[in-house]
Amino acid sequence: MSAFQTISRKPWIWSFAATIVVWLATVMFTGGASSFGLSHAALTFAAFSVIVGIGQMFVITLGPGNIDLCVPATMTLSGTLALKFMDVSDSLILPGLLIAVLIGIGVGIGNYLLIKALRIPPIIATLSMSFIVQSIAIWSNRGLRIKPPESLASFATGSTLTIPNVALVALLLSIIAWLLLDRSFYGRWISAIGQSTFAARMTGIPVDGARFVTYVLCAVLAAVAGYLLASFSGGAALNMGSEYLLMSIAVVVIGGTAVAGGDSNVPGIWGASLFMFLVVSMLNTYGFGAGIRLILTGLIIISVILLAGGPKPNR
């Protein structure tokens, strides 16, 4: 088997290939004038999708039916309460982050309790929890746009060696996620659970404990993303997490993680997140209307997924 065939069989490679194609198409249309700005913007906005996508990836790895629909509401509540607590004070930046993490832990525990104690399917349990969490966010800020501390806003919108700071945070979290999945018992446990829950129980894997940790981890990552997004955008808004519901799922699927569970893919999350931002930017650059953009975006995503799936074996 050639090196090209070996690489092409890795599902995450196609999201990066599609990203490069879309980036080149956009840059060529602008004559190369926007190459740096486009790359910087792609890294910046992809970072938020990467953070929430990693959390969703952990949940989906648990197997069919596992999904967290509470991600947008968790982002909104964590951003709102953290910024409200900090009250534009630079001295409260780290305590504000702790508030966001604690909110994530609380939401994750709530999700798991609905799933385990009440035996509600995850898609229903997390959707129900999202209504509760979003309602708390609405009640807490009453429609006001709460601003972040100046130093935190500067960090979220700034760069280090031309790389956006939020992208560096996302990269650090990606490395931690990769270590958890590939170098820890926890990663092996959730992969085994995703492949066969019954077999995992028979081998002594703490299935319930692993699921609990996974839902909490997903909610914490969503909370961190909300904290950073609110700081980046200049304040917490009630709709700031809405686009990340489908986005958090799309980047997992496009990135090559098995929807059936048992197989995760951290690099693919980056490729898919960059691709999702760039494809919209490309269609905007070429002047397509909103309706056409949505249709073409869907067709492009389907094409990438089909390429990543490769040829089906004959039975």
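Guide: The protein chain has 14 helices and two strands. Helices (H or I, at least four residues) and strands (E, at least two) are DSSP runs, numbered from the N terminus. This is a predicted model: local features need pLDDT of at least 70, side-chain atom pairs count only at pLDDT 80 or more, and totals for chains, interfaces and linings use all residues. Residues are numbered from 1 along each chain as its sequence is written, and side-chain values use heavy atoms, with hydrogens and water left out.

Of the 315 residues in the protein chain, 47% count as buried. Buried means under 20% relative accessible area, exposed over 50%, partly exposed in between (1.4 Å probe, protein chains only). Among contacts between residues at least 6 apart in sequence, 77% join residues at least 24 apart. Contact means heavy atoms within 4.5 Å.

Helix α13 covers residues 266-285. Its 20 residues should span 28 Å at 1.5 Å a residue, and its end C-alpha atoms are 29 Å apart, so the two agree. The expected span is 1.5 Å times one less than the number of residues. α13 is mostly covered, with 15 of its 20 residues buried.

Take the ends next. N265 caps the N-terminal end of α13. A side-chain oxygen of N265 lies 3.0 Å from the backbone nitrogen of G268. After α13 comes G287, with a positive phi near 80°.

Then the packing. Two packed helices are described by the angle between their axes and the distance between the axes. Helix α12 (residues 244-254) and α13 cross at roughly 120°, and their axes come within 8 Å. Axes are lines fitted to C-alpha atoms, for helices over the stretch in contact; angles run from 0 to 180 degrees between N-to-C directions. α12 and α13 are therefore oblique to each other. Angles under 35 degrees count as roughly parallel, over 145 as roughly antiparallel, 65 to 115 as roughly perpendicular and the rest as oblique. The crossing of α12 and α13 is right-handed. From α12, the contact is made by M247, A250, V251, V252 and I254. From α13, G268, I269, A272, S273, F275 and M276 take part.

How values were computed
Polar contact = N/O pair within 3.5 Å; in protein donor to acceptor, adjacent residues only side chain to side chain. Left-handed = near helix turned anticlockwise from the far one by under 90°.
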